[in-house]
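Please open the model in your viewer and keep the selection tool at hand. The stops below say what to select next and what is there.

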Amino acid sequence: MATDKELSDFLENVERRAFKQAVYAVRKDESALDIVQDAMIKLAEKYGDKPAAELPMLFQRILQTTILDYFRREKVRNTWVTLFSGMGSSKDGEEDFDILESFAEEGSEAAESSADKVERQQMLELIDNEVQKLPERQREAFLMRYWQDMDVAETAEAMGCSEGSVKTHCSRATHALAASLKALGIKL
């Protein structure tokens, strides 16, 4: 049984990676924040009494289900918006907010020069763009394996597919990323 401290520590450690994973899936920061928050609440409410070792797998499954629910809701919402779009117009005055900027690590950036910071930020944006271009299942497997540090079996269970499929998706994703980054002149 996970203690409240273990559950709290787990959620604190996984929130940034889960947010990034949700952003890659839905491509909207605000929606990704909602998805991660909903997944965390569901984990705490329904599975908070599970052993701490089971929390990562449960959370990944909940996060993936919450992302799928988001797409289902969006499909229904878009259908109704399309049907009634001629009735009026709405204007969004919201500005884009990059949540990743608020999570920036201060210690490592303090010694960097401005040019280094700009170069690093541009490099990260290029890599992010290339990861976003991956097909959904490849991106999902890649992020779970290499961003979340999950093993093949855990990733297969979270994605609801075989271990062989996970290996295939990861292999294709790494080869595609390597080729696209090499074409951009980035050597890793």
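How many aromatic pairs does the count come to? The count is three, where rings of Phe, Tyr and Trp (its six-membered ring) pair if their centres lie within 6.5 Å, and planes under 30 degrees apart count as stacked, over 60 as edge-to-face and the rest as tilted.

Before selecting anything, note that this is a predicted model, in which local features need pLDDT of at least 70 and side-chain atom pairs count only at pLDDT 80 or more, while totals for chains, interfaces and linings use all residues. Residues are numbered from 1 along each chain as its sequence is written, and side-chain values use heavy atoms, with hydrogens and water left out.

**Stop 1: two aromatic pairs**

Select Y70 and F71. Their ring centres are 5.4 Å apart and their planes are at 70°, so this pair is edge-to-face. Y70 is buried at a relative accessible area of 7%, whereas F71 is partly exposed at 34%. Here buried means under 20% relative accessible area, exposed over 50%, and partly exposed in between (1.4 Å probe, protein chains only).

Now select F142 and Y146. This aromatic pair is tilted, with 5.2 Å from centre to centre and 55° between the planes. F142 and Y146 are four residues apart in helix α7, so about one helical turn separates them. An α-helix has 3.6 residues a turn, so residues three or four places apart point the same way. F142 counts as buried at 17% relative accessibility, and Y146 is partly exposed at 43%.

**Stop 2: E140 and helix α7**

Select residues 136-147, which make up helix α7 and include E140. Helices (H or I, at least four residues) and strands (E, at least two) are DSSP runs, numbered from the N terminus. Is E140 buried or exposed? E140 is buried, with a relative accessible area of 9%. The E140 side chain makes a polar contact with the side chain of R137 at 3.4 Å. A polar contact is a pair of N or O atoms within 3.5 Å; within protein, one must be able to donate a hydrogen and the other to accept it, and residues adjacent in sequence count only if both atoms are side-chain atoms. Leaving aside neighbours within four places in sequence, E140 is in contact (heavy atoms within 4.5 Å) with Q64 and M159.

Other buried residues in α7 include Q138, R139, A141, L143 and M144. After α7 comes D149, with a positive phi near 60°.

**Stop 3**

On the α7 side, select R137, Q138, A141, F142, R145 and Y146; they meet V166, H169, C170, R172, A173, T174 and L177 in α9.

**Stop 4: L58 in α3**

Move to L58 in helix α3, residues 55-84. L58 and L43 are 15 residues apart in sequence and 7.3 Å apart in space, C-alpha to C-alpha. Setting aside neighbours within four places in sequence, L58 is in contact with L43, Y47 and K50.
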